[in-house]
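Biologist: Hi, I'm new to this one. Could you walk me through it?

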Amino acid sequence: NGKVNINTAGAEELQSLTGIGPGKAWKIIEYRNTYGPFLSPEDLLNVSGIGEKTFEKIKDRITVN
């Protein structure tokens, strides 16, 4: 489906998303390791450094399944 699973993607795959660089990719992975899997794409907004603008750009390209 061409979507990036934010629960399983590594740093490189996460960086393929618009607005996600190495720093944000690691924050996503760190968040996942600390709090467990994302239950919905919107949970990405809980990650430090990911705001509404970034989320709007990538929401159609991410999945949690």
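This is a predicted model: local features need pLDDT of at least 70, side-chain atom pairs count only at pLDDT 80 or more; totals for chains, interfaces and linings use all residues.

Biologist: Okay, where does asparagine 7 sit?
Modeller: Asparagine 7 is in the loop that runs between β1 (4–5) and α1 (11–14).

Biologist: And is asparagine 7 buried or exposed?
Modeller: Buried, because its relative accessibility is 16% and the cut-off for buried is under 20%.

Biologist: What does its side chain reach?
Modeller: The side chain of asparagine 7 gets to the backbone nitrogen of phenylalanine 38, at 2.5 Å. Not counting residues up to four places away in sequence, asparagine 7 touches Arg32, Pro37, Phe38 and Val64.

Biologist: Switching topic: which residues in the largest nonpolar core touch the most other members?
Modeller: That core has 19 residues, and Leu14, Ile20, Ile28, Phe38 and Leu44 are the ones touching the most other members. The elements giving two or more residues to this core are α1, α2 (22–35) and α3 (52–58). α2 gives the most, with four residues.

Biologist: What does leucine 14 touch?
Modeller: Beyond residues up to four places away in sequence, leucine 14 touches Val4, Ile6, Ala9, Ile20, Ala25, Ile28 and Ile29.

Biologist: Back to asparagines. Where is asparagine 5?
Modeller: Asparagine 5 lies in strand β1. Asparagine 5 counts as buried because its relative accessibility is 12%.

Biologist: Which residues is asparagine 5 in contact with?
Modeller: Setting aside neighbours within four places in sequence, asparagine 5 contacts Thr63, Val64 and Asn65.

How values were computed:
Residues are numbered from 1 along each chain as its sequence is written. Side-chain values use heavy atoms; hydrogens and water are left out. Buried means under 20% relative accessible area, exposed over 50%, partly exposed in between (1.4 Å probe, protein chains only). A polar contact is a pair of N or O atoms within 3.5 Å; within protein, one must be able to donate a hydrogen and the other to accept it, and residues adjacent in sequence count only if both atoms are side-chain atoms. Contact means heavy atoms within 4.5 Å. A nonpolar core is a set of buried Ala, Val, Leu, Ile, Met, Phe, Trp, Tyr and Cys residues joined through side-chain atoms within 4.5 Å.
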